[in-house]
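Colleague: Could you walk me through the aromatic contacts in this one, and then the helix?
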Amino acid sequence: MHTRRSFLKTTAVYSAGILAAPSVLAAGRPAKPTIGLQLYTVRDAMAKDPKGTLAKVAEIGFNSPEGATYTGTETFYGMDPKTFGAVLKSNSLVMRSCHYRLGEDGSGLTDPNKGTVLHDWDKAVADAHALWHPVHGLRLALPKRTPRPRPL
């Protein structure tokens, strides 16, 4: 049975604990909020100077860019996954997602089928895994083998 006395004792103990160790209260909160930006919105700047643009994006306060250029070139803004990951890391950026095409259209890319879900998907997954290795800070695990979808 709860009484006013037991309530006051419990409240006093918890209050003393929070005063003694305030970091315990904030332990579940991230130190810095995730603020994302789709890099498609700065696509012209990314095409001209991806490294400089990423530095400016980080300087403004974004910390989680979303990529959009892998399909067709099988590179991230003209860089291999290892180089692009190093650029992200040097700017304290974590890329948690990226756009990939299905691979059915001829969208004007040199080879629109490369690095898509239907064509060369294994390389796309391997490149994503290389880029999103825990060293670069991504908190997403990709399976070693992603099943290939069957055409309808």
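Modeller: Let me begin with Phe 76, which is buried at a relative accessible area of 1%, where buried means under 20% with a 1.4 Å probe and protein chains only. This is a predicted model, in which local features need pLDDT of at least 70 and side-chain atom pairs pLDDT 80 or more, while totals for chains, interfaces and linings use all residues. Residues are numbered from 1 along each chain as its sequence is written, and side-chain values use heavy atoms, without hydrogens or water.

Colleague: How many aromatic pairs turn up in the whole structure?
Modeller: The search finds 2, counting rings of Phe, Tyr and Trp (its six-membered ring) whose centres lie within 6.5 Å, with planes under 30 degrees apart called stacked, over 60 edge-to-face and the rest tilted. Phe 76 and Phe 84 are stacked because their ring centres are 5.6 Å apart and their planes meet at 10°. Tyr 77 and Phe 84 make a tilted pair, at 5.8 Å between centres and 35° between planes, and Phe 76, Tyr 77 and Phe 84 form one aromatic cluster.

Colleague: And Tyr 77, buried or exposed?
Modeller: Tyr 77 counts as buried at 13% relative accessibility, and Phe 84 is buried too, at 0%.

Colleague: How many of its residues are buried?
Modeller: The count is 0 among the 17 residues of α1, so the helix is hardly covered.

Technical notes. Buried < 20%, exposed > 50% of the residue type's maximum accessible area, 1.4 Å probe, protein only. Helix = DSSP H or I, 4+ residues; strand = E, 2+ residues; numbered from the N terminus.
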